[in-house]
Amino acid sequence: MATVNTNPNEFLPLTPAVFHVLLALADGERHGYAIMQEVAASTGGQIKMGPGTLYGTIKRLLEIRLIEESDERPDPRLDDERRRYYRLSGMGQRVVCAEAERYAAMVEVARGKRLIGKSLNPATLGAVL
Amino acid sequence: MNAPATHRSLELSCQLYQHLLAAYPRSHREEYGRAMAQLFRDQCRDAWTEGRAWGLVTLWFRILPDLVKTSFLERWASLHPGKFMTAKLNNFFSPGRTPLATFCAVFTVVFLLVFTTAAIVTFILPETYASTVRIRLVTDEESYGYTTGSPADHPVSYDPYFIQTTFEIIQSQVVLSNVVNTLNLNAKWGKRYNNGEPLNTSETMAVLKQRMVIQPVRNTRLIAITVYSEDRQEAADLANGVAKAYQDYRINSRRELTRGGLTVLQQQLTKTEAEIQTAQTNLDYLRTKLNVIDDNADSVNTTPTLNEQVVQTYQQQLLDAQRTGKSLQSELADLKAMAKDKLRYALPTLTSDTSLKDLLEKLGAAEQELSSRTNNYGPNHPKIVEVQAVINTLNTQIDERAAGIMAALTSEVNARQASVTALQASIDQAKASDEQEQAQTRPYWEAKRELANLLDFHKQLMAKIETTKLDLQIPPRALVEITDSALPGNAPVKPNQPLNLVLGAIAGVFLGSVAGIIAATLALRRIRLISKPAAQS
């Protein structure tokens, strides 16, 4: 079992895979396929996580308690009840926010250096990440 | 999802991935194996929807590196718990590793990656079966020898483009459209390749052409039609269908040609019958008009008064008479030129006149008597005078007799000359008569010959029509003979699994060695860079 950190900054910087998974879960709990689809959609289809990468990341995030498995199961008529759902933990929420702020600060720096425009395509940003 | 979940390629991919999950540590597999397999199944369905088999191949090219990398990292993590995966990955290339260990690790990873990719691609590619039908070809000209006589009756000309022309016909619309219709390929392949929507015939023919290979069998009149399909029975059905469609095409073409020929022949027959009717009427008219006596129905010429044999006999007789007459004339001229004392002795050798012979014998006896008496008596002695008188009398009689014989000979020569002249006149008259009659009746005989020609032509037309009708009734199977029907293949011809695996292993060894050498070189350089400052200090 990994050591539990209470300071979100100690987890930073996050690897791209970890950040994408945490971002995908920011809207609510999702199962693995939904996480993969969300990552693909947010990056304009440029990043399609394989099962190994996705569940390896999930495993690690579970170990360091940034996410947790949801005990609630959806209505079997709406989805496959065998799927496992994941959601952000409190620490996970703080870590993803901290990482997002870190990226935002970097974006501001880049904008100040006129490396990028005022508006940034989310898909481009996702692909860069 | 449009694709059926039970599609063979999908099932095979999922099963394969399920097996490949063994690359992960047991604990990881037990915890996430089912979820990973389910995620992979979902991705397979998405890939199939996007690009069918090619989408699956693309997915595998994306999944395999992910699988190799993450399984390696998970196994590493299980051996070194408590470290973050990326840190473990960095440690993998840490300066502490020896170049040999780096080479082995990189070689193993690259080899497994390449070999597994080759294996995956080999196993998920749809299997293709091939079936071949062989047919024996006979040209149209040659085929007439089989149905309407011996080949010697129909000299065959060599067509150097026959085989190539046949290839093009087999791949043409007239043949392939029949195959498409007979086997209901528009609906069948539409269901398989066009989301259930039926294909149109041109699309189906294009697919069929791509799956078909036609090759000549060397040094024979056989050609092999090979058709490829993912269904072994369908491949055989397609090959047999193409051969049957081509056979039907040739038979129908021949029948159409024969029917067209029969129509022309029957039109010609009708026309000829009308001409015969007209010729017969004209012949009857001429017979009456020219007063021709024609007893022989087969005769197409006037009967001459003097036939050839009679003319020859007459000519021979005429020659004999002329020769005899000339001989007699010659003898008579010789006799006339002789003196009387010689003539009297020459005539008995030419004629059998006994009187002259007796007179000559008596003259001889009298002269002998005179000779004997001359020895005993004087010239005026009565006995001499008596004998002399007898001799004179006999000479007179002999001269008269010779003159008579000469007159008879002259008369005979003249008679023979007259006979020859008369015979010649008779022959000339008979010839003139025949020529005149022939000239007079010539229109009749010409008309009769024309009628005979028409009747002969009519007879030939009738025979030809009967033969053509017989050809129509007998199916000309000899045009295209299916010597070997196509049978479902026992094993797929593509992909060649052993070959692909061997090639994958060879490529894995090569690429793994190259990558391992590069990694080992880099590791060695890092060791030198680190050890250099240490040595300097």
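Gln473(B) lies in helix α14 of chain B, a helix that covers residues 382-473. The structure is a predicted model. In this model, Gln473(B) counts as exposed because 7 C-beta neighbours lie inside 10 Å, and a residue is exposed if that number is 12 or fewer.

**Gln473(B) and its surroundings**

- Helix α14 of chain B includes Gln473(B), and the position of this residue is an exposed one, with 7 C-beta neighbours inside 10 Å.
- Gln473(B) and Arg255(B) are separated by 218 residues in sequence. In space, their C-alpha atoms are 9.5 Å apart.

**Chain B as a whole**

- Chain B contains 15 helices and 4 strands.
- The chain has 537 residues, and 20% of them are buried.
- Among the contacts in chain B that join residues at least 6 apart in sequence, 77% link residues at least 24 apart.

**Where chain A meets chain B**

- Contacts between the two chains involve 16 residues of chain A and 18 residues of chain B.
- On the side of chain A that touches chain B, the elements giving two or more residues are α2 (32-42) and α3 (51-63) of chain A.
- The element that gives the most to this side of chain A is α3(A), with 8 residues.
- By residue type, the side of chain A that touches chain B comprises 6 nonpolar, 6 polar and 4 charged residues.

Notes:
Residues are numbered from 1 along each chain as its sequence is written. Chains are lettered from A and ligands numbered from 1 in the order in which they are written. This is a predicted model: local features need pLDDT of at least 70, side-chain atom pairs count only at pLDDT 80 or more; totals for chains, interfaces and linings use all residues. Two residues are in contact if their C-beta atoms, placed from the backbone, lie within 7 Å. Ala, Val, Leu, Ile, Met, Phe, Trp, Tyr, Cys and Pro count as nonpolar, Asp, Glu, Lys and Arg as charged, and the others, Gly among them, as polar.
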